[in-house]
Amino acid sequence: MRWGTYIALTAAMVIVGLSLGVSLPLVSLRLESWGYGQFAIGVMAAMPAIGVLLGSRLTGPLAAALGVPRALFLSLLACALSLVVIALLPFYPLWLLMRLLIGMTLTVVFVLGESWINQLVEDHLRGRLVAVYGTGFALSQLSGPLLLAVLGTADDRGFWVAVALLVLGSVMMLCQSGAPKIDQQGVSGSGIGKFCREQPTIAWAVVLFAAFEAMVLTLMPVYMLREGFDQERALLMVSIVVVGDAALQLPIGLLADRMSRTRLMLGCGVILLFSSLALPVFLHSALVWPLLLLFGASAGGLYTLSLIMVGQHYRDAALVRANAHMALLWGLGCLLGPLSTGAASQWLSSHALPLLMALGAAGFVVMAIRRPPFAQPGQR
């Protein structure tokens with residue numbers, strides 16, 4: 001196993017997560033300060049998801065033409081350039097376009113980066129090493145809002161820090177070895193319907209976590225502000241959710257190497273369901289802090305286990321295709337989550353974010369019981 005490549009790739013993806021953790025809440029808080037409503041903020045949050053749907057189709061030609069390391073390098077530079085435009089030109093329609101480009105470029109990064117990592121790790125270490133990646137990425141997103149709280153939201157320093165981080169991450173992608181051999185067909189989005197029919201539980205887990213992550217980083221700060229918390233407390237509460245995501249991913253990965261991964265995934269879904277339902281009830285009590293931890297840990301566990309199980313059952317081109325399908329599903333979750341939550345928050349209930357997550361978690365639990373991922377016929 002190429003340990004140096006694994007460490008470099010994981011570190012680069014962690015840096016990308018930190019840049020997202022700084023820039024995504026800053027965009028939402030800036031729009032909130034300008035007087036935009038929840039739905040307009042939700043539309044802005046959903047634009048990267050549309051970019052994901054488009055970017056998954058571009059990954060194959062880009063990787064085939066340039067090679068995986070160079071495709072990752074150029075994609076991160078394009079993402080950094082989009083943030084430069086956002087910092088220099090505060091114009092809502094232009095920001096929508098730049099967020100679309102960010103979604104497209106980051107799709108290339110995550111499809112190729114996660115495929116590369118999953119291809120590198122040995123099977124008996126897969127749970128732990130994929131969880132280390134997930135933990136590092138979650139910790140970087142945790143550090144993003146904390147760093148933003150230090151930098152402040154009154155000026156554009158947060159955007160410029162995110163740009164510098166993306167440039168650093170792009171450099172780390174170069175000169176690494178062991179990249180998957182990818183052609184256009186290998187990462188084509190074709191076959192997504194078949195993947196969803198064969199693995200509906202994995203598909204829904206990806207959609208659900210994508211919606212969760214998009215809503216937490218973009219709409220949860222606004223949700224907390226409108227529930228009466230000040231900006232520092234709102235950012236802290238978002239950070240606690242990501243702490244939960246990060247803190248338990250390595251234990252989940254260790255358990256995934258020692259017990260049934262399907263049962264572990266079902267347990268994460270049950271915890272997500274009950275923590276989501278409890279949040280509106282205990283939002284203004286001391287119990288909100290452990291609930292926020294469980295909320296983040298259970299949702300993050302769904303995606304970590306999905307990556308582990310996909311890496312266990314697919315190799316080479318099939319693994320890359322599966323990751324491309326997961327990217328499309330991720331885009332769908334990022335699109336539906338902020339749009340539905342933004343609309344429901346504005347016109348139905350201020351607690352739409354946790355309640356819609358509870359609805360999605362309930363659907364996942366039912367699906368995981370009826371169709372366990374990768375189970376053989378008759379197996380539960």
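**Note on pockets, cavities and helix packing**

1. The largest pocket has a volume of about 240 Å³. The model is predicted, so local features are read here only where pLDDT is at least 70. Fourteen is the residue count to keep in mind: 14 residues line this pocket. W204, A211, G337, S340 and L356 lie nearest its centre.

2. Which elements give two or more residues to the lining of the largest pocket? They are α8 (200–218), α14 (316–347) and α15 (352–370). By class, the pocket lining divides into 10 nonpolar and 4 polar residues. No charged residue takes part in the lining of the largest pocket.

3. The largest cavity has a volume of about 610 Å³. It is lined by 38 residues. The closest to its centre are L20, F110, F137, E213 and W330.

4. Which of them gives the most? It is α4, with 8 residues. The lining of the largest cavity holds 25 nonpolar, 9 polar and 4 charged residues.

5. Next, the packing of α2 on α4. Helix α2 spans residues 38–66, and helix α4 spans residues 92–120. Their axes are 6 Å apart, and the packing angle is about 45 degrees. That angle makes α2 oblique to α4. The crossing of the two helices is right-handed. The contact of α2 with α4 is made by 20 nonpolar, 6 polar and 1 charged residues.

6. Helix α4 also passes α1. The axes of α1 and α4 come within 11 Å and cross at roughly 160 degrees. Why do α1 and α4 count as roughly antiparallel? Angles over 145 degrees count as roughly antiparallel, and α1 and α4 therefore fall in that class. The crossing of α1 with α4 is left-handed, whereas that of α2 with α4 is right-handed.

7. Last, the charged pairs. The structure holds 5 salt bridges. One of them joins D156 to R30. The closest N and O atoms of this pair are 3.0 Å apart. Where do the two partners lie? D156 is in the loop between α5 (126–151) and α6 (157–172). R30 is in helix α1, residues 3–33. The pair therefore ties together parts that are 126 residues apart in sequence.

Terms used. Residues numbered from 1 in each chain as written. Predicted model: local features only at pLDDT ≥ 70, side-chain atom pairs only at ≥ 80, totals over all residues. Heavy atoms only, no water. Axes fitted to C-alpha atoms, helices over the stretch in contact; angles between N-to-C directions. Helix = DSSP H or I, 4+ residues; strand = E, 2+ residues; numbered from the N terminus. Parallel < 35°, antiparallel > 145°, perpendicular 65-115°, else oblique. Left-handed = near helix turned anticlockwise from the far one by under 90°. Nonpolar A, V, L, I, M, F, W, Y, C, P; charged D, E, K, R; others polar. 1 Å grid on protein atoms, 1.4 Å probe; cavity = no way out; pocket = protein on both sides within 12 Å on 5 of 7 lines; lining within 4 Å. Points joined across faces, edges and corners; volume = space filled by probe spheres on them. Salt bridge = Lys/Arg side-chain N within 4 Å of Asp/Glu carboxyl O.
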